Amino acid sequence: MSAPSSESQAPHRAGFACFVGRPNAGKSTLTNALVGQKVAITSNRPQTTRHTVRGIVHREDAQLILVDTPGLHKPRTLLGERLNDVVRTTWAEVDVIGFCLPANEKLGPGDRFIAKELAGIKKTPKIAIVTKTDLVESKALAEQLIAIDRLAQELGFEWAEIIPVSAVKGEQVDLLADLLVPLLPESPPLYPEGDLTDEPEMVMVAELIREAALEGVRDELPHSIAVVVEEMLPREDRPADKPLLDIHANVYIERSSQKGIIIGPKGKRLKDVGTKSRKQIEALLGTPVFLDLHVKVAKDWQRDPKQLRKLGF
């Protein structure tokens, strides 16, 4: 293809790219790296993402809207089934799919399961993104690239591109954007300049609290935590130059026995959750915050349709 004679002739493109992959494949970290700011919560625990977060990358020639889905997995609960439905619905609506495969883990049944589903989506271009390249030597990376190419051949489709990246170190992140943009349709920008996400602020605040709550808890607890922001109101009678935002939020767990884990001895863990998340919330909203957190039990909410609706799933 010959390059256009001047940049002004290149059409502006805008569209949606979706990152898919097994839980903990680096999708949220990659979304944040491309946007240049935190829009998706990250954790070293699988199945952290529960909402499709749209991160918006603004460029002179394009606007790339990133849809970060939950990891596709074999569901054990009603919540798990609903998360998988979210993934499949998203795949059907985007312009390009990026399949994230960690460089430091051999391809497994989970990757084959997702690749097989992708093979059935005929029209949408698919890019293989090899994540976490900072964790492996070049020989292991080369072997992974070959295995990923072979996987597509076995299932009867072709990758539009295969690209290794390290979101943590920022390596090849810009190149990934360069490869995604030509696969988007010609279009004017879909979001105003400066918008980084279309997630409602209350949802993002709840996610930041949940991220802080996920740190350092026992292995069985992450899936049991949900956060709902009940209220976000400016404090009355404050001078204009000293605003304060009151945020009242509930941290929900499934059993009374889990309360002590979240609250900690003499309330220390919950206090730490509040301190960590408040800093992130203040950075996000650009205003001082008073954060009021309460821990409540919503019995077996992952399996209860009524509770799932109440908690936003």
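**Exercise 1.** In this predicted model, determine which residues of helix α8 are buried, and explain why they line one face of the helix.

*Solution.* Begin with the burial classes, for which a residue must have under 20% relative accessible area to count as buried. In α8 this holds for Arg269, Leu270, Val273, Gly274, Ser277, Ile281 and Leu285. Viewed down the axis of α8, these buried residues fall within an arc of 130°, and therefore they line one face of the helix. Finally, the cover over the buried residues of α8 includes the helices α6 (201–214) and α7 (259–263), together with the strands β7 (226–234), β8 (245–253) and β9 (289–297).

**Exercise 2.** Compare the end-to-end reach of α8 with its expected span, and state which residue follows the helix.

*Solution.* Helix α8 comprises residues 268–285, 18 residues in total, and from its first C-alpha to its last it reaches 25 Å, which is close to the 26 Å expected at 1.5 Å a residue. The helix is followed by glycine 286, whose phi is positive, near 70°.

**Exercise 3.** Describe how α6 and α8 pack, giving the angle and the distance between their axes, and then list the residues that meet.

*Solution.* Take the geometry at the outset: the two helices pack at an angle of about 140°, with their axes 8 Å apart, and α6 passes α8 in a right-handed crossing. From α6, the residues in contact are Glu201, Met204, Val205, Leu208, Ile209, Ala212 and Ala213, and these meet Arg269, Val273, Lys276, Ser277, Gln280, Ile281, Leu284 and Leu285 of α8.

**Exercise 4.** How many of the residues of α6 are buried, and where does leucine 208 lie?

*Solution.* Helix α6 is mostly covered, since 11 of its 14 residues fall under the 20% limit and are buried. The buried set, which includes Met204, Glu207, Arg210 and Leu214, packs against β7, β8, α7, α8 and β9. Leucine 208 is found in this helix, α6, and it counts as buried because its relative accessibility is 9%.

Terms used. Residues numbered from 1 in each chain as written. Predicted model: local features only at pLDDT ≥ 70, side-chain atom pairs only at ≥ 80, totals over all residues. Heavy atoms only, no water. Helix = DSSP H or I, 4+ residues; strand = E, 2+ residues; numbered from the N terminus. Expected span 1.5 Å × (residues − 1). Buried < 20%, exposed > 50% of the residue type's maximum accessible area, 1.4 Å probe, protein only. Arc of directions from axis to C-beta. Contact = heavy atoms within 4.5 Å. Axes fitted to C-alpha atoms, helices over the stretch in contact; angles between N-to-C directions. Left-handed = near helix turned anticlockwise from the far one by under 90°.
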